[in-house]
There are 2 protein chains.
Amino acid sequence: MNKPEHLLQILQNEFENHSYGEEPAELYEPIRYIMSLGGKRFRPLLTLLAASIYSYDLSLALKPAMSVEVFHNFTLMHDDIMDRAPLRRGKPTVHEKWNANTAILSGDVMLIRAYDLLLDIPKDQFRQILHRFNQTAAEVCEGQQLDMNFETRSNVTEEEYIGMIRLKTSVLLGYALELGGILGGADEESVRLLYAAGENMGLGFQLKDDLLDVFGDPSKFGKQVGGDIIANKKTFLLIEALTKAEGTLKTELEKWIALETFDNDEKVEAVKKIYETLGIKEFTEQKINEYFARGLASLHALKVENSRKEALLTFVQQLVEREK
Amino acid sequence: MNKPEHLLQILQNEFENHSYGEEPAELYEPIRYIMSLGGKRFRPLLTLLAASIYSYDLSLALKPAMSVEVFHNFTLMHDDIMDRAPLRRGKPTVHEKWNANTAILSGDVMLIRAYDLLLDIPKDQFRQILHRFNQTAAEVCEGQQLDMNFETRSNVTEEEYIGMIRLKTSVLLGYALELGGILGGADEESVRLLYAAGENMGLGFQLKDDLLDVFGDPSKFGKQVGGDIIANKKTFLLIEALTKAEGTLKTELEKWIALETFDNDEKVEAVKKIYETLGIKEFTEQKINEYFARGLASLHALKVENSRKEALLTFVQQLVEREK
């Protein structure tokens, strides 16, 4: 019953039948559009899997789980405006397909609708969940602000970068698992462990994203390999390389960053070689494994029968092993 | 104790000491900025005055009241981006002083912080208030979308216009009073009457804004008299004039609307004269009085001693009589 494929099917049905509102259409059509672009729905899935460890009845967890996904898509809609992104999952972004005003206002309504999906939470859990949702939501915005700040800075440290992705990405995964635990009826210590699991896995996922963008298999990776290098995106790899490079290697790296016109393939190859010389690939892989190990350790530390957490562990293991 | 001046002082103190967050400063400074621009704080005052009808202890109503004001300022921050407004209360708007990205993201956090101010609501009122807040918030966004839609339409009807300002302006005043009633412990019928009062007063206020923009006393009115005429803003007056004008009067009105270059004073005088010929001023005044009368009737229908609602009635009367 708590098999991920089964829960995903339930979630997809709920999303398909969920009404965000109708009139004016200019406001609600973009919400249906972005929610229909797909995505793996793995955040709400984490909520349901965490809840299923503690409860056989997931009906009360369904809407709060959806609220995590609606919130996540709200951040995508607004981030895409700020990042001037033309595409989202291969389709035009909302501000491209409509305009920035529409993306601002539809996004605002999505955030409100995320709160709507919390309305049926049992009275006794209301304050705790609303408080944690607010806190997480604000942290995600703080992460986005830091990410934008970093774009114009050349001296971002590893610590600052980890702090930024923790806010922008990880806290929401932590909250997704925590939320499931609370709704399932987990004790305080287990809720804390679930949050820590999501937080650490999230850091691992983001670093893996950074890594795959450079060293991913082009036949498996969904996006253009090397896109981050071409755009000088301040990823974990670039920050490490800027810290570790010395002498001519540093000069060369800085030259490629400063160049305004260049051959894409040439730049990707050159920077990739610098990363390899500096051992950035191995260093990043090691970090990723550390975060994943910490996350899995938190899940293993949950004091319930193994059979109850098997579905969540299997699902998380799949996420860890993904190569795109 | 429930004198408006006294309650306003309490509110101002709370706002001054309230923390919206600190880091990153780029995110929180614009929130402190827009909240410091002033404004009459009359929405949270309405909440406190409504609560004071039913309860002597307003401590629990204070933060929810502030939440209405934070939400209102969130809408101003985002609306100003959409409307490309350079000034707000005589000072640069957030997207002008910083940039649009900052205004988007700071606004998002403000909306989240508005929900934070609801955390201490008693358990038994949580669901009702969160539900009504969400509903109202979404309606305000719907109103802003309709307002933007109307800008590019030439056939907006009076009914559509009233529907738009009801959403954009009135429902939040209705909610502000309703919220106070719920928190104060009013019965269902009284809560309904408080909402209706705010809704009708709100319609009156917005029409009065439209009227004062054309017929206000320049020495009392805060903004440039005639600004709406210069900008072809689809106000109640213009919509009525477009509906009522016939023959040469209609041709002349449409000529002024279509003109791309003109002398501001000349256009204001000409359109004002058309309004006068059509009796728009008197018609609008009559509508305003009708809405105010309905709003006041709702307040008079509240089944409590007159002495309990005196403060609210006096305050509302002042709002009705304002000339700026």
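I began with K281(B): setting aside neighbours within four places in sequence, it is in contact with L211(B), F215(B) and Y275(B). Contact here is heavy atoms within 4.5 Å. I was working on a predicted model, where local features need pLDDT of at least 70, side-chain atom pairs count only at pLDDT 80 or more, and totals for chains, interfaces and linings use all residues. Residues are numbered from 1 along each chain as its sequence is written, chains are lettered from A in the order in which they are written, and side-chain values use heavy atoms, without hydrogens and water.

I then placed the lysine. K281(B) sits in helix α14 of chain B, residues 280-300. Helices are DSSP runs of H or I with at least four residues, strands are runs of E with at least two, and both are numbered from the N terminus. I found K281(B) partly exposed, at 27% relative accessible area. Buried is under 20%, exposed over 50%, partly exposed in between, with a 1.4 Å probe and protein chains only. I also checked G184(B): its C-alpha is 40 Å from that of K281(B), at 97 residues apart in sequence.

Next I turned to chain A. I noted 15 helices and 2 strands. Its radius of gyration is 20 Å, close to the 20 Å from the globule rule for 324 residues, so chain A is as compact as a globular protein of that length. The radius is over C-alpha atoms, and the rule is 2.2 Å times the number of residues to the power 0.38. I read spans of about 60 × 50 × 35 Å for the C-alpha trace along its principal axes. Buried residues are 58% of the 324 in chain A.
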